[in-house]
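The following note is written for a colleague who is meeting this structure for the first time. Please keep the sequence and the coordinates at hand while reading the numbered points.

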Amino acid sequence: MRKREVSLFLLIGGGVAVLGHALLAMLIGAGVGADLANAIQIVLTLQLSFLAHDFLTWRRHTFDRAARRYGRWWRFQTARGASAVLSLVGFPFLAPVVGIAPAYWGLLITGTVANFCTDRFWSFTHHKSRTSMPTPPVASRLARPATRAALVGAVLAMLALAVVFVDAFLVVVSLFMLLVAVTTLAFQLYKWWRPENNDPGRYGDPDAPQLPGVILVPMRHEEAVAGHTLERLANLDHPDYWVMPIIDHPDDPGTAAIAHAKAAEYPDRVLVAAYPEDTDVHNKPIGLNAAVRLLEETGIDYEWIGIADAEDLFHAGLLRMVDYRFRHTGAGIVQCGVQLMNFSAHPAQLPLPAGRLPRLRRWLRANASGWWRAANVLEYYKWFQSRLKLQAAAKVMPLGGNTVFFRRRFLDALHMRYGASWDEDCLTEDCKIGIVASVLGYSVDVVYIDEMVTREETPDTLGGLVRQRVRWMQGFIQVFTQGEWLELPRPWQKVLAVYVLGFQFFQAFAIVFAPFALALAVGHKSPVAVALLATIPLGLGLLTTALDLQMLHQFGRTFEQKVRLRDYLGVALGAYPYQVMLSVAGLWALLRHLRGRNNWVKTTHSGAHLTAPGHVDARVLAPSEAA
Amino acid sequence: MTGRYRRLVAGMVTIAALGVGCGRQPDTSLHPDPPNIRYAPLRHPFHDATLYVDTNTATTRWQKAHGADWLDPITSRPQARWINSPRDLAGVPRMVTRAKDRGELPVFVAYYIPNRGCTDFKQGAPDAAAYDAYLRDLVDALGAVSSVIVLEPDAATADCYNAGRGKLLARAVKALTSAGHSVYLDAGHSRWRSPGEIATRLLQSGIADAEGFAVNVANRQTTTDSYRWGLELSDLVGDRDFIIDTSRNGSGPPPDDPGRDDEWCNPRRQALGAPPQITHRPHLAALLWIKAPGESDGKCGGEHTYLFSPTQASNLIAAARWLPQAERAAARSAS
Amino acid sequence: MTDATLDLPDITENARAPSLRRQIRRGAQTWIARHLISLVILLALLALVGAVHGIGMSTFPGYVDDPGTYLSQAWSLQYEHRLSPYSYFYDHAPAGWIQIAAWSGLTNGFDRYDSAIAFGNECMLIAKLVSMALLFVLGRRLGFGRIAATGAALLFGLCPLELVYGRWTFLDNLVTPWLLLAFVLTYSPRRSIGAAVGAAMAFGMAALTKETALVLLPAFGWAVLQNLDRRNRPQVLVTSVFAGAFLMGLYPLFALLKGELLPGPGHNSLIGTAIWQLAGRAASGSVLDPDSATADQLHGWLQYDRWLLLLGLAAIPVALLVRRLRPVALVLIIQWLVMVRGGYVPFMHVINLLPWSALLVAGAVSTIAGNPTLVPPGWLRAASGAAHRARVGVAVLLTLGLVTVTTVSWAPRLRPMMTVTQEQPLHSATTWLADNVPRNKVIVVHDSIWTDLVHRYGFNPRPIMIYKLDSDPAVRDNLGRVDYLVVPDWYYRTGDAAQKYPTLVEARKHAVAVATFGAGTDRVQIYRVSDHWKPPT
């Protein structure tokens with residue numbers, strides 16, 4: 001079958017070419033101008049070849065589909081036109097490099113192959129309708145060795161082109177970096193875009209709470225903070241809710257003991273759920289699903305489920321606001337703000353490292369880590385205030401992780417679709433749920449109120465941050481490969497979903513590469529326009545840093561923390577290294593994914609945020625107690 | 001279906017447009033207007049001609065009267081006959097008859113323009129009518145002998161040149177050329193006015209009908225400089241031919257003395273220029289002696305007459321390097 | 001607990017949510033419905049002013065010195081990808097002719113007309129229409145009623161002085177729309193970051209079109225600060241300042257990348273030219289000094305029309321009383337102060353005065369009439385009573401007076417500007433050259449016909465622009481010969497022609513006039529230079 005198509009394709013192509021030449025000669029002989037004759041000849045031969053291919057070569061695909069010929073015709077014209085234009089454009093570039101004859105034949109052969117492929121796979125095929133069986137997930141398609149080889153080949157070809165046509169490469173890369181930089185700015189500025197979005201009273205005034213709910217708190221080796229967290233969670237301002245710590249009893253007796261103690265203290269508030277024994281993988285989704293099953297069994301009435309991390313400190317009035325927002329906006333998910341608080345480490349908060357000169361090393365470590373802590377804090381600040389809102393508005397919604405509340409209806413829909421509310425194979429379950437919400441049509445409400453944010457801490461060490469990021473990025477990759485985003489109803493939403501999922505990678509690589517692009521432009525003596533284009537992403541990067549500085553100032557004012565000059569310097573000078581770090585994390589995540597290592601890498605907490613100022617609570621653990 | 005139809009048409013148009021190509025060629029077609037100046041064809045009067053040696057000049061008469069053979073370098077060579085007033089017309093017929101008998105080409109200088117020399121009409125013809133009469137008489141006197149006429153030295157170049165004078169000169173050119181003579185309008189010399197200015201004046205003065213123009217009349221600019229200037233000017237007036245007066249430019253122009261403004265008048269250093277000859281250089285018809293060598297420039301430079309002065313003649317001959325030493329010595333010893 | 005919640009959306013509702021295209025269309029329909037009256041008025045204004053400006057724009061006013069240069073630079077940008085056919089020496093930031101080249105590239109502009117100046121006229125018509133529309137919008141955003149905004153637009157669009165100067169392809173005519181856009185966006189009712197960034201970038205574009213727009217930075221800054229909202233003020237300021245500064249910084253960055261930022265031997269430099277322009281140019285004198293060149297210029301402008309300029313001046317004090325009009329008043333004050341300062345004032349400076357004068361006159365009349373947005377209740381505005389009647393009466397009288405004066409004074413002046421039928425002498429000269437001169441002759445031309453000779457008629461070697469003949473070292477070094485001189489008479493008649501254009505004056509001495517077009521100082525004589533003369537090296 002394939003051979004027949006190929007031979008017919010070549011035959012018809014050759015025949016039409018000869019006809020076209022004859023037509024051209026005839027027209028010119030009749031006195032028509034050369035340009036006009038060429039145009040007429042091109043148009044007529046295109047139509048001829050379309051008809052011939054439609055009836056002969058691709059008969060198998062087009063049989064009995066006469067009604068959709070117009071679509072085929074349109075695709076055919078576009079594909080052939082594009083390939084012709086590319087050949088036209090490519091020839092003057094290639095000819096000086098490889099010689100006229102190789103360029104000509106190379107383009108001809110490439111063009112023929114490309115035309116055949118577009119004919120075969122696009123112009124003359126018809127997609128199956130939507131009501132048919134679902135397409136196989138992207139992962140399996142990506143796993144095929146042919147696809148992998150094609151991807152690798154495409155990447156190599158692009159690199160080769162980049163080396164040969166440096167200017168064009170620079171233009172393309174600069175445009176892409178410009179897009180990334182503009183998106184970064186849009187994410188950063190969305191909240192402040194209109195003054196109304198920044199109005200203190202924009203969320204409304206919560207009235208009496210009406211919805212019962214449950215807060216799930218997965219815990220693992222959290223002896224330092226478990227008790228305090230559960231204590232606080234149990235005392236929130238809401239009449240009807242449960243707190244369910246999820247603990248793996250055999251692995252984690254210490255935390256289990258604390259949890260059961262709290263359950264005993266607050267019998268109709270705290271209920272301990274056991275992590276299922278019959279799995280050897282430990283991750284959050286399994287625990288959450290087990291907790292939900294326990295809820296079913298015990299018959300507790302709940303309208304919403306909230307997720308809290310072991311170190312989260314909810315604001316007392318948070319649940320009232322969540323309740324109000326659920327009823328007021330009809331959202332399926334309410335995402336509340338999470339904020340890292342420690343943008344500069346105080347030496348006293350860090351543990352004394354073992355070895356020589358411990359105090360000096362601790363002081364050094366504290367002061368030298370300010371840059372990435374501040375960047376991390378600002379990241380959360382921007383993410384929860386601004387970026388999540390923009391994503392919610394665009395209905396492409398990776399979520400934030402914790403302090404997220406799900407409506408029962410939504411969880412039931414998930415259960416119906418996937419058999420379980422949380423995907424137990426995924427590393428970051430929260431990311432995928434956001435996409436699925438868009439797919440299913442549930443809106444997300446993002447609530448960020450300065451006083452009510454959940455306060456968290458930055459990881460202890462840079463290594464910890466990197467590991468955290470590796471986990472998150474791997475999660476994004478997993479969500480991408482699982483292909484849920486393909487179910488999004490509109491094409492632009494699909495594109496947006498891929499862009500947002502991959503944005504962390506794009507952003508990191510783009511910012512890291514920006515100075516090199518400019519150096520390359522200047523060193524290669526590209527046209528000035530190209531060099532100017534390459535400076536724009538750098539300029540936008542500077543703007544981002546300037547806005548970061550202003551945001552740090554605002555952060556300090558809001559949360560009543562003193563921001564010193566060295567913190568500002570850390571933000572300004574550490575912006576680029578931070579993106580380098582993120583690139584490293586991205587690469588590491590990619591490698592881990594390709595090697596198939598998906599286990600859960602946990603970050604340790606030391607309770608540093610508990611002693612942060614501005615903390616509204618009576619009982620504060622002393623650092624020695626926490627340690 | 002209308003949306004689809006529109007897309008169909010748009011698609012075909014785009015494809016066709018791509019095929020036609022773009023860019024336009026500049027329009028280099030020339031459609032020269034008919035020339036607004038019609039130049040009369042050149043007659044080349046000096047071609048294959050011999051110049052007439054005038055035996056009735058002031059120099060010859062003085063030579064005869066004083067037996068000064070040392071004046072031979074001047075008297076044996078052709079020079080132009082100046083017709084400064086209607087009285088001078090009397091000797092013309094005999095001259096042209098003699099020239100015709102010998103088959104030689106006479107050269108005349110008409111020098112009677114009204115307000116000649118910008119002297120407030122004290123010199124030259126009293127008015128245009130008198131000038132026209134003079135011309136008619138000149139034509140009559142010349143008869144059927146085709147001559148070369150240098151028309152009005154310093155007329156077109158004068159400060160008092162105006163449109164009226166231009167018209168007058170044009171009439172003169174027409175009158176003379178229609179009678180079969182070749183007219184060379186005087187154009188001044190290379191150190192006075194710019195070629196552009198002279199060209200404009202000459203065009204107003206009828207150079208289109210004339211054979212050409214005369215350069216360096218009564219002046220002493222070098223032949224090279226005069227030729228360069230004349231070439232420039234010739235290009236601006238329809239490639240007319242020109243003649244250069246080489247009577248006294250053998251030593252070039254006298255050096256410019258900022259303290260005096262009459263250093264041009266009978267200078268000490270002057271010499272006979274190239275002898276009169278027909279030349280074949282582009283546009284240069286001939287080198288002529290138009291100003292009579294030996295005639296004083298005026299009552300200045302040690303002279304008290306406008307007429308022939310033997311001092312001037314001997315200076316000219318003695319300094320002429322192209323003359324044999326004997327003749328030069330003879331002139332030197334004679335003064 | 002009862003489920004007292006709203007109905008959650010069904011799964012399929014998202015699929016039925018309106019597509020982006022439909023949303024946009026619906027949004028557009030609501031917007032049009034809301035602004036229908038203004039749109040109708042605006043369309044009528046555009047038609048009227050477009051007709052007045054466009055009819056007769058190819059024959060009046062005559063050619064002047066700069067438009068040809070800008071058009072030739074736009075031509076070389078489009079066809080040779082260089083900023084100037086000669087070496088670019090940073091006399092003006094290039095955005096002005098970049099815009100002209102972009103428009104020509106889109107619409108094949110240079111091919112559609114037989115004269116580049118005609119194409120420039122088309123660009124100026126577009127700029128005038130855009131400026132007028134933006135003036136209307138700015139008036140509305142400042143709080144004028146529709147009548148006052150229409151008045152401002154008409155004052156600007158129909159003023160004879162503006163017509164004359166607006167028809168010439170000057171950079172100032174391209175700066176005006178950008179400045180107006182900057183102010184329009186500054187006064188955006190939504191006060192979003194996008195509006196502020198757009199305003200800053202529009203101002204940056206104005207500065208890049210002609211760098212003298214930077215003098216208006218204080219007024220623009222004041223307008224921005226006046227219109228901030230406390231809730232997003234820091235972000236708006238940081239982002240917009242950065243955007244504007246970055247856009248403007250692209251110009252020195254461009255120079256830096258070419259190695260031409262700092263002065264040095266053998267190359268142009270941005271800073272060198274800037275220093276020359278600020279300190280090296282001959283001062284025109286202050287307008288207050290009756291003997292100065294500036295006073296003469298003002299006198300010349302007033303000959304075309306004195307009402308708009310002087311009324312604008314008179315409206316400044318009234319505008320200063322109104323908070324919302326103060327930044328605009330400051331713009332006009334700054335532009336007048338430029339003339340008082342006594343430095344170099346280009347002769348087209350009046351273009352910078354007219355739109356703001358129109359705005360302020362309309363604003364002043366509107367204030368006196370008691371416009372509630374402009375005038376807060378208080379001693380300036382009485383809601384009723386004798387004072388109110390007096391004010392309204394005065395406003396009505398003023399409006400009537402304005403209408404009368406402009407109709408009586410402007411209509412007879414506009415008429416001859418629209419009905420000139422005689423072709424411009426330089427244009428006729430170009431046609432003569434195309435018909436009679438072989439293409440390999442070297443012509444010294446006025447800049448306004450340079451592009452035609454190169455693009456349409458293919459003269460090669462290229463003609464030489466008259467003011468480059470003696471000032472550009474590259475031209476001087478490569479000057480083999482000169483064959484024709486085609487410049488208007490005013491070049492020969494200026495007092496210091498021999499110093500400014502020595503080669504031209506010298507060449508004319510060796511040339512004869514072969515054709516003459518026009519009369520007076522605009523007369524153009526085509527001189528043919530003698531073949532046997534070479535210009536002195």
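1. Leaving aside its neighbours within four places in sequence, which residues is T75(B) in contact with? The model is a predicted one, and in it T75(B) is in contact with V53(B), T59(B), T60(B) and Q63(B). T75(B) itself lies in helix α3 (residues 72-75) of chain B. With a relative accessible area of 11%, this threonine is buried, because anything under 20% counts as such.

2. T60(B) belongs to helix α2 (residues 58-66) of chain B. Its relative accessible area is 9%, so T60(B) is buried. Not counting residues up to four places away in sequence, T60(B) touches D54(B), T55(B) and T75(B). T60(B) and Q312(B) are 252 residues apart along the chain, and their C-alpha atoms are separated by 15 Å.

3. How far may chain B be trusted as a whole? Its average pLDDT is 88, and 92% of the residues score at least 70. Residues 18-22 of chain B call for caution, since pLDDT stays under 50 there. For that stretch the model has seven contacts beyond four places in sequence.

4. The fold of chain C may be summarised next. Its secondary structure consists of 25 helices and five strands. For 537 residues, a compact globule would have a radius of gyration near 24 Å; the value for chain C is 27 Å, which agrees. The C-alpha trace of chain C spans about 105 × 65 × 45 Å along its principal axes. Of the 537 residues in chain C, 53% are buried. Among contacts in chain C between residues at least 6 apart in sequence, 71% join residues at least 24 apart.

5. The surface and charges of chain C form a separate point. The accessible surface of chain C is about 23,100 Å², and 64% of it belongs to carbon and sulfur atoms. Chain C carries 45 positive and 33 negative charges, whose mean positions are 10 Å apart.

6. Confidence in chain C has a mean pLDDT of 89, with 95% of its residues at 70 or more. Over residues 1-16 of chain C, however, the pLDDT is below 50, and this stretch has 32 contacts in the model beyond near neighbours in sequence. Within chain C, confidence is lowest in helix α1 (residues 13-16), at a mean of 46, and highest in helix α10 (residues 171-186), at 96.

7. Chain A contains 21 helices and nine strands. Buried residues account for 52% of the 627 residues in chain A. Of the contacts in chain A with a separation of 6 or more, 80% come from residues 24 or more positions apart. The accessible surface of chain A is about 28,800 Å², with 67% belonging to carbon and sulfur atoms.

8. Which stretches of chain A have a pLDDT below 50? Chain A averages a pLDDT of 79, and 88% of the residues score at least 70. Residues 129-136 of chain A are below 50 and have three contacts in the model beyond near neighbours in sequence. In residues 601-627 of chain A, pLDDT likewise stays under 50, and the model has 49 contacts beyond four places in sequence for them. Where pLDDT is low, the predicted coordinates should not be read in detail.

9. For the model as a whole, the scores are ipTM 0.85 and pTM 0.80.

Conventions: Residues numbered from 1 in each chain as written. Chains lettered and ligands numbered in written order. Predicted model: local features only at pLDDT ≥ 70, side-chain atom pairs only at ≥ 80, totals over all residues. Heavy atoms only, no water. Helix = DSSP H or I, 4+ residues; strand = E, 2+ residues; numbered from the N terminus. Rg over C-alpha atoms; globule rule 2.2 N^0.38 Å. Buried < 20%, exposed > 50% of the residue type's maximum accessible area, 1.4 Å probe, protein only. Contact = heavy atoms within 4.5 Å. Areas by Shrake-Rupley, 256 points an atom, 1.4 Å probe, with all protein chains shown as cover. Lys, Arg positive; Asp, Glu negative; His and termini not counted. Charge placed at Lys NZ, Arg CZ, Asp CG, Glu CD. pLDDT = per-residue confidence, 0-100.
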